[in-house]
Amino acid sequence: MKCVVHHEAGAEFVNFGKELAAVTAKVAPLVEQVTELTLPDTLVIRLMTVPDWTQAHRRKSERLLTRELEEFRPSSDERAQAAQKLKRHLQFRDIFWPTMLGEAVAFEPGPELVIVPESLRQAGRLDDGPSLYKICGHEMTHLAQYAASGGAVWTVPETFFPHRRGIQGRDFASLVEGHAYWADQQITSAIFGAPVSTDEPSPYESPRYRELHASPLRMAGVERQRLATATVAQLIRQEGLAFFNRVWTDFSLVPMATDTTPDLWRQRFQPR
């Protein structure tokens, strides 16, 4: 697998970019082994500053909204709801960027592993080797999901009009995040003998990160993530990866928000 690093966070982080490239080279085979999915032939790592990352997300979301407004010609109420969704999305990122330790995203054509080093510094993880392996394993699992679905597992749920796309009520977040957390646990266990977790705060975290880390909104997200991870783990343990991996090409298998147990989700895989 070829690795390309774009250094856009300043000269201070050039060596850090080289470290990330070395980590991903070690993690890539484990991602494919654990998930039985194939990574893209080229891995793009982009190191970004906070302002550039924020603006890149703004441009990406605004482009998507413009395209969908042209495609769907929504009512004035639908347009207003979409505009509010965009505003909330951007406000969340403006506030919670220190908690974004890594991200798989397509700012440019094709998927990338985006790292904002200042976020890692805020979290006290910039020099935390095991955490870097976890972050890379997690985000590279998202890249494998992208490849397995032809990109659809990212692009479809990003819509501002889920009812127009026929995915209203589908819980894509539990699918992709539960699977990625399950995978990074397997990957870090293979490397370090036990799963690596970033749930506990680092002694080097900033006061700002500490406050965000303990916020009710983030803690609610952590609880949803833990449930999703446990559900994915149980499905894979009981049914196997070949069974589970059908979900990347058949979105009728993506759980609904009401599928709160593995048994409810498993029923979607049964022949009808």
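A: By class, the lining of the second largest pocket has seven nonpolar, two polar and seven charged residues, where Ala, Val, Leu, Ile, Met, Phe, Trp, Tyr, Cys and Pro count as nonpolar, Asp, Glu, Lys and Arg as charged, and the others, Gly among them, as polar. The model is a predicted one, in which local features need pLDDT of at least 70 and side-chain atom pairs count only at pLDDT 80 or more, while totals for chains, interfaces and linings use all residues. Residues are numbered from 1 along each chain as its sequence is written, and side-chain values use heavy atoms, with hydrogens and water left out.

Q: What makes a space a pocket, and what volume does the second largest pocket have?
A: On a 1 Å grid over the protein atoms alone, a pocket is an open set of points with protein on both sides within 12 Å along at least five of seven lines, whereas a cavity is a set of points where a 1.4 Å probe fits but cannot get out; lining residues have an atom within 4 Å of a point. The second largest pocket has a volume of about 290 Å³, a volume being the space filled by probe spheres set on the points, which are joined across faces, edges and corners. Of the 16 residues that line this pocket, Lys60, Arg67, Ala106, Thr155 and Glu158 are the closest to its centre. Helix 2 gives the most to the lining, with five residues.

Q: How many cavities of 30 Å³ or more does the structure hold, and which residues line the largest cavity?
A: The structure holds one cavity of 30 Å³ or more, and the largest cavity has a volume of about 40 Å³. Its lining is made by Met1, Leu39, Pro40, Thr42, Leu43, Val44, Pro111 and Leu143, which by class gives seven nonpolar, one polar and no charged residues. Strand 2 (residues 42-48) supplies the largest share of that lining, three residues.

Q: Why is helix 2 called roughly antiparallel to helix 3?
A: The axes of helix 2 (residues 50-72) and helix 3 (residues 76-96) come within 10 Å and cross at roughly 170 degrees, where axes are lines fitted to C-alpha atoms, for helices over the stretch in contact, and angles run from 0 to 180 degrees between N-to-C directions. Angles under 35 degrees count as roughly parallel, over 145 as roughly antiparallel, 65 to 115 as roughly perpendicular and the rest as oblique, so helix 2 is roughly antiparallel to helix 3. The residues of their contact (heavy atoms within 4.5 Å) divide into six nonpolar, four polar and five charged.

Q: What makes helix 8 and helix 10 roughly perpendicular to each other?
A: The axes of helix 8 (residues 172-192) and helix 10 (residues 216-239) come within 8 Å and cross at roughly 70 degrees, and helix 8 and helix 10 are therefore roughly perpendicular to each other. The residues of this contact divide into seven nonpolar, six polar and no charged.

Q: Why are helix 1 and helix 8 called oblique to each other?
A: The axes of helix 1 (residues 14-35) and helix 8 come within 10 Å and cross at roughly 120 degrees, and the two helices are therefore oblique to each other. The contact is made by Val27, Leu30, Val31, Val34 and Thr35 of helix 1 and His179, Trp182, Ala183, Gln186, Ile187, Ala190 and Ile191 of helix 8.

Methods. Helix = DSSP H or I, 4+ residues; strand = E, 2+ residues; numbered from the N terminus.
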